[in-house]
Amino acid sequence: IHDPADRNTASGRLLESMLVTIKTFENEQIGEKVRTKMRLRAEKGLWNGGLVPFGFTCDPKTQLLQPDEEKVQILNQIFQVYVDTASDFAVRDWLKAHQIPSPSGKSVWAPSTIHDMLTNRRYIAEIELNKPNKGLDDTDIPEMERYRVVQAPHEPLVSR
């Protein structure tokens with residue numbers, strides 16, 4: 001394996017293509033294991049990393065998302081402003097007027113961040129699994145990779 005393959009011979013090209021195939025197989029297998037582990041963690045309500053959604057904190061020991069009591073009232077106001085105005089931009093203006101920084105620390109919220117927050121089902125105590133597969137024909141997708149919604153291990157932060 002460690003000896004250089006002579007690409008000028010048939011056996012050298014065969015060896016090289018076999019090594020590439022084995023490396024590809026290994027990478028795909030690692031990817032499958034990681035996706036499976038992340039899906040199982042999400043089904044249990046554990047956080048898989050990234051920016052914690054506004055209104056939540058992540059317990060470093062259990063890795064569970066828990067409501068941030070200081071931000072729940074603000075979160076309810078955000079949803080109420082959206083219900084009243086049906087506008088992401090009105091929510092942004094309300095947040096700016098009340099000087100509430102975005103989760104990333106910026107003073108002005110991006111409309112896409114607000115849209116992502118307003119469509120995040122965690123606020124109603126639901127977790128979306130395999131979201132990229134939402135709306136796809138389920139007959140072509142293995143059952144474990146199909147889009148579905150499971151109950152989160154916390155109470156809803158906002159009402160439906």
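Guide: Helices (H or I, at least four residues) and strands (E, at least two) are DSSP runs, numbered from the N terminus. Residues are numbered from 1 along each chain as its sequence is written. This is a predicted model, so local features need pLDDT of at least 70 and side-chain atom pairs count only at pLDDT 80 or more, while totals for chains, interfaces and linings use all residues, and side-chain values use heavy atoms, with hydrogens and water left out.

Visitor: Which residue forms one with Glu-126?

Guide: The partner of Glu-126 is Arg-160, and their closest N and O atoms are 2.4 Å apart. This pair links distant parts of the chain, as Glu-126 is in strand β3 (residues 126-129) and Arg-160 is in the segment after β4 (148-151), 34 residues apart.

Visitor: Are those two buried or exposed?

Guide: Glu-126 is buried, because its relative accessible area is 10%, whereas Arg-160 is exposed, at 76%. Arg-121 comes in here as well, for salt bridges that share partners join Arg-121, Glu-126 and Arg-160 into one network.

Visitor: Which residue does Glu-128 form a salt bridge with?

Guide: Glu-128 pairs with Lys-134, with 3.8 Å between the closest N and O atoms, and Lys-134 is partly exposed, since its relative accessible area is 47%.

Visitor: Now pockets: how much space lies in the largest one?

Guide: The largest pocket holds about 730 Å³ of space. On a 1 Å grid over the protein atoms alone, a pocket is an open set of points where a 1.4 Å probe fits, with protein on both sides within 12 Å along at least five of seven lines, and lining residues have an atom within 4 Å of a point. Grid points are joined across faces, edges and corners, and the volume is the space filled by probe spheres set on the points.

Visitor: Which residues come closest to its centre?

Guide: The largest pocket is lined by 26 residues, and the closest to its centre are Ala-42, Glu-128, Leu-129, Asn-130 and Lys-131. Helix α1 (10-43) and strand β3 each supply at least two lining residues, with α1 giving the most, namely six.

Visitor: How about the second largest pocket, how much space lies there?

Guide: About 260 Å³ lies in the second largest pocket, which has 16 lining residues, and Leu-51, Pro-53, Pro-103, Thr-113 and Asp-116 are the closest to its centre.

Visitor: Last topic: which residues touch the most other members in the largest nonpolar core?

Guide: Among the 21 residues of the largest nonpolar core, those are Phe-54, Leu-75, Ile-78, Leu-95, Trp-109, Met-117 and Tyr-123, where such a core is a set of buried Ala, Val, Leu, Ile, Met, Phe, Trp, Tyr and Cys residues joined through side-chain atoms within 4.5 Å. The elements giving two or more residues to this core are α2 (69-85), α3 (88-97) and α4 (111-118), and the largest share, five residues, comes from α2. Another core of five residues lies apart from it, and its members include Ala-42, Ile-127, Leu-129 and Ala-152.

Definitions and conventions:
Salt bridge = Lys/Arg side-chain N within 4 Å of Asp/Glu carboxyl O. Buried < 20%, exposed > 50% of the residue type's maximum accessible area, 1.4 Å probe, protein only.
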